[in-house]
Amino acid sequence: MKAYQDMTKEELTALHKDLLKDYEVIKAKDLNLNMARGKPDLNQIDLSLGLLDVLDSHYDFGQKIDYCNYGILDGIDEAKEFFASMLSTSKDHIIVYGNSSLTVMFDQVSRGYTHGYMGHTPWCRLNKVKFLCPVPGYDRHFAITEHFGIEMINIPLKEDGPDMDMIEQYVNNDETVKGIWCVPQYANPTGITYSDEVVRRFAHLKPASQDFRIFWDNAYIVHHLYDNHQEHVAEILKACEEAGNPNMVFEFCSTSKVSLAGAGVAAMATSVANKKDVLQHMAIQSIGHDKLNQLRHVRYFQNVESLTVHMQKHAAILRPKFEMVLDILEKELGGLGIGTWTKPLGGYFISFDAMEGCAQKIVRKCKEAGTILTNAGATYPYGQDPHDSNIRIAPSFPSLEELQQAAQLFTLCVKLVSVEKLLSL
Ligand code: PLP
């Protein structure tokens with residue numbers, strides 16, 4: 001296969017004509033496909049519907065009748081134990097919430113903004129507040145900080161985590177830097193996992209600002225695609241504690257993509273001192289979350305061992321989808337020099353980098369032919385990819401048949417837009 005850059009203008013023109021013909025054929029099929037958001041498919045949802053049967057009016061609550069009433073702000077004991085073992089910490093570090101970790105992250109940023117952490121000046125009273133944003137990253141993280149008018153700074157993501165030299169430079173010298181968004185395992189969208197060395201360097205940061213916090217979103221902590229190639233990230237809370245920075249981390253997770261997306265349970269792990277501070281605010285906000293859903297989850301999943309078996313069933317559904325997309329990318333684009341992509345071992349996404357200046361056009365062309373992708377630029381703060389090259393592919397929701405059509409169309413659009421770029425040079 002000849003790389004496009006090595007083709008003559010005549011070869012490219014002829015190729016463009018053929019590709020356009022293929023594109024018109026697909027367009028005429030009137031497809032209605034979507035590879036935009038990382039939703040579990042219906043077979044995955046099916047794996048957890050049994051949750052709804054483990055608690056009914058015949059359940060003997062005994063002493064636990066309190067679970068049906070107001071109170072127990074930081075979550076029921078069993079759920080705290082469950083999340084503590086998932087996050088390799090102890091239950092005194094855990095708060096268990098309602099259905100969404102994103103809501104918890106929003107609340108944490110909001111608390112820093114309106115009231116400040118542990119008596120520190122609320123960010124709203126400061127002239128400037130900055131967050132570091134490893135890119136490409138999760139659009140909804142960036143939307144939260146943008147919502148509060150916080151300035152976001154792009155930090156390049158490497159294969160083993162974000163550029164730590166740059167992070168140290170900012171965090172250790174600039175007191176307006178108050179936080180960083182991190183997805184340490186099977187990151188959204190690249191699928192990369194932070195190395196032990198990266199975690200160690202995070203833990204040893206010497207923040208110029210005492211209320212600097214790492215927002216450690218461990219959304220994909222148990223979402224391995226392969227049993228024999230699992231990646232695990234070092235435990236950040238413990239690392240920070242040992243490095244003398246016990247209060248530097250808020251770690252988030254949820255069962256959204258374990259049980260029922262939208263009806264799962266979320267949790268945060270943090271230092272005992274941070275937990276106390278957060279609970280003081282929460283006491284104004286709530287009289288307690290849905291403890292029956294917490295109990296339902298613990299009764300259904302029992303422990304981390306049976307959770308592992310459950311996640312293997314998820315992987316069996318997701319793996320063929322990832323492999324199909326990766327095969328098509330390789331078969332159609334391998335060696336052409338017009339794109340690179342990640343090959344994740346877990347999580348929900350594949351990250352594709354097109355030639356500079358091509359991402360928006362590719363996404364538009366796919367849409368015109370009936371396939372929705374995540375907006376180009378969404379993986380960067382303010383929706384602005386400086387190279388206009390990154391596209392997030394979410395293979396989880398479509399059926400295998402739909403996915404095949406969508407991935408074929410995607411590669412065709414990548415070729416078409418790349419040839420057009422080269423011809424216009
Ligand atoms: N964090 C990351 C990195 C995600 O990719 C997602 C969903 O795609 C979420 C959080 C949302 O989690 P939740 O459903 O718990 O709000």
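This is a predicted model: local features need pLDDT of at least 70, side-chain atom pairs count only at pLDDT 80 or more; totals for chains, interfaces and linings use all residues.
Three strands make it up, ordered β10-β11-β13, and they pair in antiparallel fashion to give an open sheet. The edges belong to β10 (339-341) and β13 (390-393); each has a single partner strand, so one side of each is left without a neighbour in the sheet. From one strand to the next, the twist averages 20 degrees. Strand β11 (residues 350-354) is joined to the antiparallel β13 by 4 bridges, and S351 sits opposite R392 of β13.

Now for the charged pairs. Searching the whole structure turns up 17 salt bridges, including these:

| Salt bridge | N to O distance |
|---|---|
| K64 and E78 | 2.9 Å |
| R201 and D165 | 2.6 Å |
| E197 and R200 | 3.0 Å |

K64 forms its salt bridge with E78. K64 is in the loop between α2 (42-46) and α3 (77-86) while E78 is in helix α3, so the pair ties together parts 14 residues apart in sequence. Is E78 buried or exposed? With a relative accessibility of 18%, E78 counts as buried, whereas K64 is partly exposed at 30%.

R201 meets D165 in a salt bridge. Helix α7 (residues 196-203) holds R201 and helix α6 (residues 164-173) holds D165, so this pair links parts that are 36 residues apart in sequence. R201 is partly exposed, at 22% relative accessible area.

E197 and R200 are 3 residues apart in helix α7, about one helical turn. Both are partly exposed: E197 has a relative accessible area of 39% and R200 has 40%.

Technical notes. Residues are numbered from 1 along each chain as its sequence is written. Side-chain values use heavy atoms; hydrogens and water are left out. Two strands pair if DSSP finds at least two bridges between them. Helices (H or I, at least four residues) and strands (E, at least two) are DSSP runs, numbered from the N terminus. Axes are lines fitted to C-alpha atoms, for helices over the stretch in contact, and angles run from 0 to 180 degrees between N-to-C directions. A salt bridge is a side-chain nitrogen of Lys or Arg within 4 Å of a carboxyl oxygen of Asp or Glu. Buried means under 20% relative accessible area, exposed over 50%, partly exposed in between (1.4 Å probe, protein chains only).
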